[in-house]
Amino acid sequence: MLSLDQEIGAWDSVLLEPLTEDSFVTNLQQRFKRDHIYTYIGNVLVSVNPYKKLALYSADLVEAYVKRGPFQLPPHIYAIAGTAYRWLNDRNEDQCIIVTGESGSGKTEAARIVLQFLVLVSGDSQETKLVKDRLVQANTLLEAFGNARTMKNDNASRFGKFLDIEFDFKGDPIGGHLTHFENYKFGIV
């Protein structure tokens, strides 16, 4: 479990005085050296790909982040997923998590972690289990869209992906749609 006294640097870069590009990068570097790959800047989560496996993901952590609000625990992708899930259920408001970054930055991995979070926090009915299995399998499909070799990544995607998950009134996933589109349509070369 993450401990508050183990955190290095500022959790939220907005608190840096003065907040400059240099202080922001220095804070990210300081945190990264201690395997703190997540840092907030306001309500945005910045993630730095560690290019190695870290023990940052578990069912216990999911439980902790689903019960706590943002900024009550160290920055984590579970905090973003948990906040979106709570707002979906408590406020009945559609939610969107945008994952963006350079080739090899860990976008597909981040999407997989969010999907795993949703699988762990939603119900256990037979219908829900079937949908959850399909959501987990969507990760394989997301990875299959990789189709180009770049200097940073052997399996870079040239497609944008939009995963729309439908939830029922209890917060259980009931279906979804995966859409891909070519990046050139959005001016990305």
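Is Glu-109 buried, exposed or partly exposed? In this predicted model, Glu-109 comes out as partly exposed, since its relative accessible area is 30%. Its side chain pairs up with that of Arg-112 in a salt bridge, with N to O at 2.2 Å. Both residues sit in helix α4, three residues apart, or about one turn of the helix.

Zooming out, the protein has five helices and six strands. Starting at the N terminus, the order of elements reads α-β-β-α-α-α-α-β-β-β-β. Of the 189 residues, 35% are buried. As for contacts between residues at least 6 apart in sequence, 46% join residues at least 24 apart.

Helix α2, covering residues 59-67, gets a closer look here. Its buried residues are Leu-61, Val-62, Ala-64 and Tyr-65. Looking down the axis of α2, these buried residues fall within an arc of 165°, so they line one face of the helix. Among the elements that cover them are α3 (77-90) and α4 (107-121). Turned away from that buried side is a face with the exposed residues Ala-59, Asp-60 and Lys-67.

Lys-67 shows up again in the charge pairing. With a relative accessible area of 61%, Lys-67 is exposed, and its side chain meets that of Glu-63 in a salt bridge of 3.2 Å, N to O. Glu-63, at 44% relative accessibility, counts as partly exposed.

In total, the structure holds four salt bridges. One of them joins the side chains of Asp-35 and Lys-52, at 3.3 Å from N to O. This pair ties together distant parts of the chain, 17 residues apart: Asp-35 is in the loop between α1 and β1 (38-41), while Lys-52 is in the loop between β2 (44-47) and α2. Both ends are partly exposed, Asp-35 at 28% relative accessibility and Lys-52 with a relative accessible area of 48%.

Then there is Arg-86, over in helix α3. What does this buried residue do without a salt bridge? The nearest side chain of opposite charge belongs to Asp-90 and is 5.4 Å away, whereas a salt bridge needs the nitrogen and the carboxyl oxygen within 4 Å. Instead, the side chain of Arg-86 reaches the backbone oxygen of Arg-68 at 3.0 Å. Setting aside neighbours within four places in sequence, Arg-86 is in contact with Tyr-65, Val-66, Lys-67, Arg-68, Gly-69, Pro-70 and Arg-91. That list takes in Tyr-65, one of the buried residues of α2.

Ser-13 is buried, and its relative accessible area is 0%. Not counting residues up to four places away in sequence, Ser-13 touches Leu-19, Phe-24, Asn-27, Thr-39, Tyr-40 and Ile-41.

Finally, an unreviewed UniProt entry lists a "binding site" at Gly-101, Glu-102, Ser-103, Gly-104, Ser-105, Gly-106, Lys-107 and Thr-108. Two of the listed residues make a handy contrast. Glu-102 is found in the loop between α3 and α4, and Gly-104 has its place in the loop between α3 and α4 too. Glu-102 is exposed, at a relative accessible area of 52%, whereas Gly-104 is buried, at 14%.

Definitions and conventions: Residues are numbered from 1 along each chain as its sequence is written. This is a predicted model: local features need pLDDT of at least 70, side-chain atom pairs count only at pLDDT 80 or more; totals for chains, interfaces and linings use all residues. Side-chain values use heavy atoms; hydrogens and water are left out. Buried means under 20% relative accessible area, exposed over 50%, partly exposed in between (1.4 Å probe, protein chains only). Helices (H or I, at least four residues) and strands (E, at least two) are DSSP runs, numbered from the N terminus. The arc is that of the directions from the helix axis to the C-beta atoms. Contact means heavy atoms within 4.5 Å. Lys and Arg count as positive and Asp and Glu as negative; His and the chain ends are not counted. A polar contact is a pair of N or O atoms within 3.5 Å; within protein, one must be able to donate a hydrogen and the other to accept it, and residues adjacent in sequence count only if both atoms are side-chain atoms. UniProt positions are given in the numbering used here, feature names are shortened, and annotations may be inferred rather than shown by experiment.
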